[in-house]
Amino acid sequence: MRYISTRGAAPTLGFSDILLAGLADDGGLYVPESWPRLAAGGTGDYVATALEVMSPFVGGAIAPGAFADMVREASATFESDEVTPLVDLGDGLHLLELFHGPTLAFKDIALQLVGRLFDHELSRRGERVTIVGATSGDTGSAAIDACRDREPMDIVILHPADRVSEVQRRQMTTVPSANVHNVAVEGTFDDCQDLVKAMFADVPFRQRMRLSAVNSINWARVMAQVVYYVVAAERLGGRHAPIAFSVPTGNFGNAFAGHVARHMGLDITQLVVGSNSNDILTRFFASGTMTLDEVVPTLSPSMDIQVSSNLERLLFELLDRDGAAVAALLDDFRATGTTALDPVLHATLGDAWSGARFHDDEVLRCIADEADRSGVVLDPHSAVGLLAARRCRRDPSVPMVALATAHPAKFPDAVESATGVRPVLPDRLGDLFERPERCTRLPNDLAAIQAHVEACVG
């Protein structure tokens with residue numbers, strides 16, 4: 001398997017190289033040259049399906065036995081034997097619980113594997129990298145847990161100061177490992193993401209620091225997330241039976257993984273994007289126009305995003321894999337704050353995608369109602385996904401799976417406000433609020449951030 005950039009001007013690389021590179025040299029995101037196809041079969045066994053789905057993307061870059069060991073080890077960090085259990089909510093609606101990993105969020109599914117992939121490849125090469133990442137809350141703690149104490153890497157995570165939940169922040173800042181560094185940026189998640197992209201765009205700095213990325217700009221993240229779409233289909237009728245998914249969405253990597261599963265042959269009749277008040281994606285799917293707005297803080301902070309990086313991968317497919325056209329469209333967006341798809345292209349999205357926006361009061365009502373109705377306690381992000389599933393579902397005969405992306409105890413204030421009951425963290429995190437924190441607060445300034453990264457790495 002070879003990989004090309006969504007902007008068409010970077011070298012074609014193999015899996016190991018794009019794993020460590022993260023972002024392409026031309027500023028684009030890597031995607032496979034072609035989409036592998038799923039064979040018939042599949043039993044719903046997570047590890048077996050994961051190996052089958054991901055092996056074509058690895059393309060022999062890692063010995064099959066070594067890759068299988070990493071997949072098994074990553075899956076073993078989850079408290080559920082099923083890894084991603086399905087909860088039947090009735091009427092053909094299901095909740096896919098993705099939060100049973102070490103940091104209680106869906107990001108663990110990919111990052112527990114990605115940390116091992118990095119360790120394996122860097123050790124094989126005798127190299128060391130500096131991983132830099134931006135987080136709206138969950139990616140940071142999952143990446144830190146996956147990379148902590150691994151000799152070939154330092155990890156520096158930027159998060160928006162005062163815009164993540166206390167549990168999310170403490171899961172990052174209480175890790176005592178010497179190779180872990182946290183930065184609270186005085187700005188939004190979009191500012192953090194822009195700073196990371198600017199560091200990669202500064203070629204001398206990128207080379208000097210040997211930068212690498214674990215955000216969902218890294219293809220390995222998306223690859224690993226495809227697996228649970230296939231597993232869910234296997235458990236609900238088979239790979240070739242119709243199925244629909246609803247995804248609470250911020251940076252669009254999770255939703256794009258569903259699009260990849262569809263490319264590989266899964267019969268996904270509908271992909272629903274759920275948004276909070278930061279609804280640029282919902283507006284895009286409805287109108288074909290992207291227009292930047294201010295980031296509004298909400299009860300679902302991991303979705304408080306306006307610039308969704310992984311949408312670039314979908315645009316690349318829509319524009320017939322024309323990298324120059326993608327680059328021109330995104331340049332226009334950055335320059336003017338708005339851009340629009342050709343109406344004919346936009347029309348092609350209509351059958352495959354839909355979206356809905358929900359404000360905080362609707363989210364709280366959903367959490368309360370679902371706790372009363374089924375006893376299932378949702379976090380605010382999962383509530384957005386379930387609301388979108390119910391509002392946008394077209395065919396009640398097709399199973400609809402809403403992705404539950406975080407444990408309710410990661411957002412205890414919102415859940416308590418909705419239900420009157422404060423969710424409790426698992427025992428392994430019971431002392432989280434007593435652990436000392438390590439974090440540096442910095443302005444939204446590239447030079448300041450780069451100087452800090454250099455000082456961390458030494």
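Begin by selecting R148 in this predicted model: with a relative accessibility of 30%, R148 counts as partly exposed. D149 is exposed, at a relative accessible area of 57%.

**D149 and the end of helix 5**

Keep D149 selected and inspect its backbone. D149 lies in the loop between helix 5 and strand 7, just after helix 5. Its phi is positive, about 65 degrees, although D149 is not a glycine. Most residues other than glycine have a negative phi.

Now select helix 5 itself, residues 138-147. Is this helix mostly covered or mostly exposed? Helix 5 is mostly covered, with nine of its ten residues buried. The buried residues are D138, T139, G140, S141, A142, A143, I144, A146 and C147. To see what covers them, display helix 4 (107-125), strand 6, strand 7 (153-160), helix 6 (166-173), strand 8 (180-186) and helix 9, against which the buried residues of helix 5 pack.

**K410 and its partner D138**

The side chains of D138 and K410 make a polar contact at 2.8 Å. K410 is placed in the loop between strand 15 (400-404) and helix 17 (412-419). Is K410 buried or exposed? K410 has a relative accessible area of 0% and is therefore buried.

Show next the residues around K410. Leaving aside neighbours within four places in sequence, K410 is in contact with T103, L104, A105, D138, S141, S165, V167, Q168 and Q171. Of these, D138 and S141 are also among the buried residues of helix 5. Then select E166: K410 and E166 are 244 residues apart in sequence, yet 8.2 Å separates them in space, C-alpha to C-alpha.

**T130 in strand 6**

Strand 6, one of the elements packed against by the buried residues of helix 5, spans residues 129-134 and holds T130. T130 counts as buried because its relative accessibility is 2%. Which backbone atom does the side chain of T130 reach? The side chain of T130 reaches the backbone oxygen of M209, at 3.0 Å. Outside the four places on either side in sequence, the contacts of T130 are D154, V156, M209, R210, L211, S212, V453 and V457.

E454 is partly exposed at 31% relative accessibility, and R208 is partly exposed at a relative accessible area of 47%.

Select then E416 and R422, another salt-bridged pair, at 2.7 Å, N to O. E416 counts as partly exposed, with 32% relative accessibility, and R422 is partly exposed too, with a relative accessible area of 40%. Elsewhere, select D17, E121, R124 and R125, which salt bridges with shared partners join into one network. A search of the whole structure finds 33 salt bridges.

**Helix 9 against helix 10**

Two packed helices are described by the angle between their axes and the distance between the axes. Select helix 9 (residues 219-235) together with helix 10 (residues 253-263): they pack at an angle of about 65 degrees, with their axes 8 Å apart. Helix 9 passes helix 10 in a right-handed crossing.

Show side chains at the contact. Helix 9 contributes W219, V222, Q225, V226, Y228 and Y229, and helix 10 contributes G253, N254, A255, F256, A257, G258, V260 and A261. What is the make-up of the contact of helix 9 with helix 10? Its residues divide into ten nonpolar, four polar and no charged.

**Last stop: F252**

Finish on F252, in the loop between strand 10 (243-248) and helix 10. F252 has a positive phi of about 75 degrees, although it is not a glycine. Is F252 buried or exposed? At 1% relative accessibility, F252 counts as buried, whereas D149, which also has a positive phi, is exposed at 57%.

Definitions and conventions. Residues numbered from 1 in each chain as written. Predicted model: local features only at pLDDT ≥ 70, side-chain atom pairs only at ≥ 80, totals over all residues. Heavy atoms only, no water. Helix = DSSP H or I, 4+ residues; strand = E, 2+ residues; numbered from the N terminus. Buried < 20%, exposed > 50% of the residue type's maximum accessible area, 1.4 Å probe, protein only. Contact = heavy atoms within 4.5 Å. Polar contact = N/O pair within 3.5 Å; in protein donor to acceptor, adjacent residues only side chain to side chain. Salt bridge = Lys/Arg side-chain N within 4 Å of Asp/Glu carboxyl O. Axes fitted to C-alpha atoms, helices over the stretch in contact; angles between N-to-C directions. Left-handed = near helix turned anticlockwise from the far one by under 90°. Nonpolar A, V, L, I, M, F, W, Y, C, P; charged D, E, K, R; others polar.
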